[in-house]
Amino acid sequence: MTTRGGALKKKQRVGSSGRLSNLAVVDSSFTDGTLAEASHKPPSLRRASSHPFFPIIVSSCDGGFNDATTADVILRLILDQQYSYFESPDASSDATSPATTAVDQSEIQIYLHSRALRRSKYFAALLSDRWQQQNESSSGDTESSAKVFRLSLTVPANTDSIDHHLTALQLLYSDDLLSSIDSVSTAIDLLPVALELLFEDCIKACVKFLEAVPWTEDEERKILNLIPFLSNEEKKELIARVSPVKNDSSEEMLHGLIVSAIHNHPNMAFAKAFVAKLLRDFSSKESARTVLDKAFEKSLRLVKQSLEEYSSPDFRGDHNETEAIQRLNLHKAMTNLKHLLWLVERMIELRVADTAVKAWSEQASFTSDLQRAFRDDAWRNIVPSLPAVVLRCTSRLANAVAAGSILATRQVRLKLVRDWLPVLIICKDSIPLMGPNHKPLYMELEETFLRIISTLPMSDAQDLLQQCLSFSTRNIDDCPHLVDAFTTWFRRANRPPQTDFCE
């Protein structure tokens, strides 16, 4: 699983380890007949010293970790500056940090016990009878008396790595591994070593801990690097936590949040503000477009259905029942129009309102229902702000078209003004005047429609401008936008035909 100077490599965790051939070649070259690993380091570099955090136990009755008196295995941790688990983009900066300072010695010697080491499949293979017989036959040593096994393991020469290896080796003596794993960082540090040594109990304990606790973003990145080296069963829960089941999970989540914010959440204003921020920060503009189009279509359908039922009631009953149902239809229309206005503002903010503009321009039957509803004074006592919300939706979309933030086709521009101009005219007298420093809402939409009309062919503009005479007021100075629109049209109409343009 590891190579010198390279990244963490996946190896088989069944049977013997792939590292046995290059990290633990055992022979019997010692004169005392004990098994030992052939070392390629010069004799002058060999230093048998224990790690300062794990002093040698000189007397023990139970034969614990690093007990020199009862140990039957002497393990040398050979320190290698070029050996690392991960090829990290931050390796250059980490190399200078105090936590990764190289240890000033070439190896560390630890006294261990074969009974404990066999919990690691890696060490179990080294200590197996088959391995011993192969090395005894190659050396001519057939003596079956008890021996002290001398093994070596190459580890990165920094304090962190050595500590993690020593901790993992010490855990070979523990029956309660989970009690030793008290943080995500501890599990992340131990897991690569446990994978290297094929220490299955430790691997399971680390994975169990990681699966059950929260992670920081940096911890999650490290865990993602380790997941490929886990078995399918071990990685299943971790993958479920960080990997979506479906490709459109983000869109599904966004749509659910939008629906909840505008329909279900008790504190609607704060929920809408939060979802608006999520939409602004969302990385995929197309996904935002998809979910907003879907929500817009649903809200528009509900508004149209309510107005249609109000304008053309299909029921019979007494007067009180009819009035109650009519009031309910108007309230539904008003509520969903407010949702629609919020969606339109989000779509314009993200510059994804193309579909909404096109849909709004194809509402001949809806605008007819609105005109019928506004001719009936019943709405004034039930939903007095209904005309204002209708005009705000229309004004937001029309302004985006006039400003060029939405590049609508000529046909869309024509139908948008043609279908909604009658609604504007009938709503004009229903919208209360603003203060002296505020332009009336209907006047803003008048100006916007006149700007859009100026982008249409002269024949279309002529028909529409004739319907705009209602924009005039008792004082000609109050409607300069209408004066400018007719001035522009007549200027173009009086221009000599430009036959050269058509040649």
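**Entry 1: strand β5**

I started with β5, and this strand is mostly covered, with 7 of its 8 residues buried. A reminder to myself before going on: I am looking at a predicted model. Next I asked which strand pairs with β5 in parallel. That is β3, and 8 bridges join the two.

**Entry 2: strand β3**

How many of the residues of β3 are buried? I got 8 of 8, so I put this strand down as mostly covered too. I then sorted the residues by face. V73, L75, L77 and L79 lie on one side, while I74, R76, I78 and D80 lie on the other, and all of them are buried.

β3 covers residues 73-80 and is joined to β4 by 6 bridges, with the two strands running antiparallel. Here I noted R76, which stands opposite Q109 in β4.

**Entry 3: the whole sheet**

What is the strand order in this sheet? I read it as β4-β3-β5, an open sheet of 3 strands with mixed pairing. The edges are β4 (107-112) and β5 (149-156), each of which pairs on one side only. From one strand to the next, the twist averages 25°.

I also looked for a helix against the sheet. Helix α6, residues 159-171, packs on it and touches β3, β4 and β5. The direction of α6 makes about 140° with that of β5.

**Entry 4: N158**

Between β5 and α6 there is a loop, and N158 is found in it. Buried or exposed, I wondered about N158? Its relative accessible area is 18%, and the cut-off for buried is under 20%, so N158 counts as buried. I also checked N158 against D80: they are 78 residues apart in sequence, and their C-alpha atoms are 8.7 Å apart in space.

**Entry 5: two helices**

I moved on to α13 (residues 285-311) and α16 (residues 364-375). They pack at an angle of about 45°, and their axes are 9 Å apart. Because of that angle, α13 is oblique to α16. I noted the crossing of α13 and α16 as left-handed.

Which residues meet there? From α13 I listed L300, V303, K304, L307, E308, Y310 and S311. From α16 I listed F366, D369, L370, R372 and A373.

**Entry 6: nonpolar cores**

In soluble globular proteins, nonpolar side chains tend to be buried together. I went looking for such groups here. The largest nonpolar core has 79 residues, and those with the most contacts inside it are I258, L279, W360 and W420. I followed up I258: leaving aside neighbours within four places in sequence, I258 is in contact with V275, L279, V291, L292, A295, W342 and L343. There is a second, separate core of 52 residues, which includes L117, A187, F209 and L210.

**Entry 7: the chain overall**

Last, I stepped back to the chain. I counted 22 helices and 5 strands. The chain has 503 residues, of which 45% count as buried. Of the contacts in the chain with a separation of 6 or more, 76% come from residues 24 or more positions apart.

Methods. Residues are numbered from 1 along each chain as its sequence is written. This is a predicted model: local features need pLDDT of at least 70, side-chain atom pairs count only at pLDDT 80 or more; totals for chains, interfaces and linings use all residues. Side-chain values use heavy atoms; hydrogens and water are left out. A nonpolar core is a set of buried Ala, Val, Leu, Ile, Met, Phe, Trp, Tyr and Cys residues joined through side-chain atoms within 4.5 Å. Buried means under 20% relative accessible area, exposed over 50%, partly exposed in between (1.4 Å probe, protein chains only). Contact means heavy atoms within 4.5 Å. Two strands pair if DSSP finds at least two bridges between them. Helices (H or I, at least four residues) and strands (E, at least two) are DSSP runs, numbered from the N terminus. Axes are lines fitted to C-alpha atoms, for helices over the stretch in contact, and angles run from 0 to 180 degrees between N-to-C directions. Angles under 35 degrees count as roughly parallel, over 145 as roughly antiparallel, 65 to 115 as roughly perpendicular and the rest as oblique. A crossing is left-handed if the near helix is turned anticlockwise from the far one by less than a right angle, and right-handed if clockwise.
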